[in-house]
Amino acid sequence: MTSVEGTPAARPGPGATAGLWALAPYPVLVADPAGTVLRANPAARLLLSGAEPGANMADAVPAWLSRAHAEAAPHVRVPGDADRPGAPLAPAAGPIGERRFEAYPTPGEAGEVVWWMVDGTERRRAEQALAAERERTGFLVEASNVLLASLNPDRCMAATVTLAAEHLADAAVVVAPPSRGKLLTVSAVAGQDAVRRQVAADPAVLPGLSEALQGFPPLPSRWIDGALLPDWLLPEGCGGPIGSIVVTPLPGHGVSAGALVLLRAGRPARFSESEEDFARLFAARAGAALSAARLYSEQSAITRTLMRELLPPTLQRVNGVEFAGGYRAAESHERVGGDFYDVHPGPGTDDASLVVLGDVCGKGLDAAVLTGKIRSTLQALSPLGDDHRRILELLNGSLLNSHHTRFATMVLGSVRRHDNEVRLRLTSAGHPAPLVVRLDGSVEEVPTRGTLIGALPAIEAHSAQVVLQPGETCLLHTDGFTEARGGPLGSEMFGEERLKRALSECADLPAEAIVERIQMLAFQWLHDGSHDDMALVAIGAPRTTHLSAVDGHTRGRYTV
């Protein structure tokens, strides 16, 4: 009989017979305090050939069991010896041949020790396998966290070979898919930093590498001869000849992310089947992380390319006229939105430049897509720069024929330098009126108006002429400034009057300084409140010569 732990539940009683010994499910050995074997059941004699009655424990049993008996015997109470204290006897364990046994002692009736032996080989193997599996699972969790911590492909490849060299082999190499006839490799030796190299080499020289780079199942390591490893795959600092190689694919999202090569140096033993399986589990996680990092890198590059076309340009002096622009998207995490501006220089220095500032209904990426279309269309129409109405009609037709349901407001301006003056012709299409700040600080609205674009089949547009003297500026802005809510209570709009007062304080400032000042005041007004996209363009007449008092009769003259 046994307990649930596999230990003896009871010892034989005084009436135990030889038949009961023969029926015992375990090898049982009885020895006196002096270490002499008294009895052994058939299972014990089969297991221990020298365990015969009268034999000495030191000669009949393994050393570990003999030592355990010597330690246990003094603690067995002898009948009639009340001075000898009884104490729990400790079990022992050790190898017998190729198996591992556990020996559980119980005190006998006359001071002898009865040893019950249980074969614990399979249980120990199961415990070791469970511990190894727990360790591998912990490593895979740690590896996943490390690999997914970065979306940079180079750092992800370096993390892959560093982890592999530390936990799976002596050295590791990641080979990226071929690109333009070259292979990118990242290698590491256990305890050393990763090394990145780009080589012009044929992956077919190593069996299984070409297949792994294409995502095919790996070859068993026993099929790969370590002597075939080319020099360009041997990591720097890897000592000794390569004894065993594992090549496994790095599976990505639909396409191969490369191949992982594991190397063991100076050991004839090859990778076991379980080690190869574990390497594939690690490679699956590494491949997913590498694929995600490369996909993110590609998408980031595409986004940067497209973003360059959507972001407002940096403005500067064109044909003797100062231009400055400012833009802020509605959301802090976005760089583009529905507001836009552009300046298209005329073909010659005496030709008018076309400036446009607009506001597409909505905000975010959807509005930015339509913004890009409008900007491209206006660039194509820029040769018609002096014919504002024709430009607006063509743009209106283009928007009505597209799948977009959004509309836009904008203001067009033809700008040219004439001597020291800057002459503008401005046309609004449903947009807030441009503002002009004179040298004395007065601010005037330019009386131009028109219908918005992309909503009605026909449009109306009325232009106005403006003349800027040196030091004067015309400001084009979107309603994101005037409708910005903030202030002491957080809900008051910035408003037209506050914008005009701010612009009045900017009299005789360069265009760039005016843009910075207006933006600063508006952003301070907002605090952390929500707002629409905000864009503005300042058009200034440079102070190129010394001016006398400005003639009040010339200021403020418009032609409508």
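User: What is meant here by a cavity, and which residues line the largest cavity?

Analyst: A cavity is a set of grid points where a 1.4 Å probe fits but cannot get out, and its lining residues have an atom within 4 Å of a point. In this predicted model, the largest cavity is lined by L310, P312, Y327, V336, G337, D339, F340, A368, T371 and R375.

User: How many cavities of 30 Å³ or more does the structure hold, and what volume has the largest cavity?

Analyst: The structure holds one cavity of 30 Å³ or more, and the volume of the largest cavity comes to about 50 Å³.

User: How should I read the packing of helices α5 and α6?

Analyst: In general, two packed helices are described by the angle between their axes and the distance between the axes. Here α5 (residues 121-147) and α6 (residues 153-167) pack at an angle of about 160 degrees, with their axes 10 Å apart. Because angles over 145 degrees count as roughly antiparallel, α5 is roughly antiparallel to α6; the crossing in which α5 passes α6 is right-handed.

User: Which residues of α5 and α6 meet?

Analyst: From α5, F139, A143, V146 and L147 meet C156, A159, T160, L163 and H167 of α6. The residues of this contact divide into seven nonpolar, two polar and no charged.

Terms used. Residues are numbered from 1 along each chain as its sequence is written. This is a predicted model: local features need pLDDT of at least 70, side-chain atom pairs count only at pLDDT 80 or more; totals for chains, interfaces and linings use all residues. Side-chain values use heavy atoms; hydrogens and water are left out. On a 1 Å grid over the protein atoms alone, a cavity is a set of points where a 1.4 Å probe fits but cannot get out, and a pocket is an open set with protein on both sides within 12 Å along at least five of seven lines; lining residues have an atom within 4 Å of a point. Grid points are joined across faces, edges and corners, and a volume is the space filled by probe spheres set on the points. Axes are lines fitted to C-alpha atoms, for helices over the stretch in contact, and angles run from 0 to 180 degrees between N-to-C directions. Helices (H or I, at least four residues) and strands (E, at least two) are DSSP runs, numbered from the N terminus. Angles under 35 degrees count as roughly parallel, over 145 as roughly antiparallel, 65 to 115 as roughly perpendicular and the rest as oblique. A crossing is left-handed if the near helix is turned anticlockwise from the far one by less than a right angle, and right-handed if clockwise. Contact means heavy atoms within 4.5 Å. Ala, Val, Leu, Ile, Met, Phe, Trp, Tyr, Cys and Pro count as nonpolar, Asp, Glu, Lys and Arg as charged, and the others, Gly among them, as polar.
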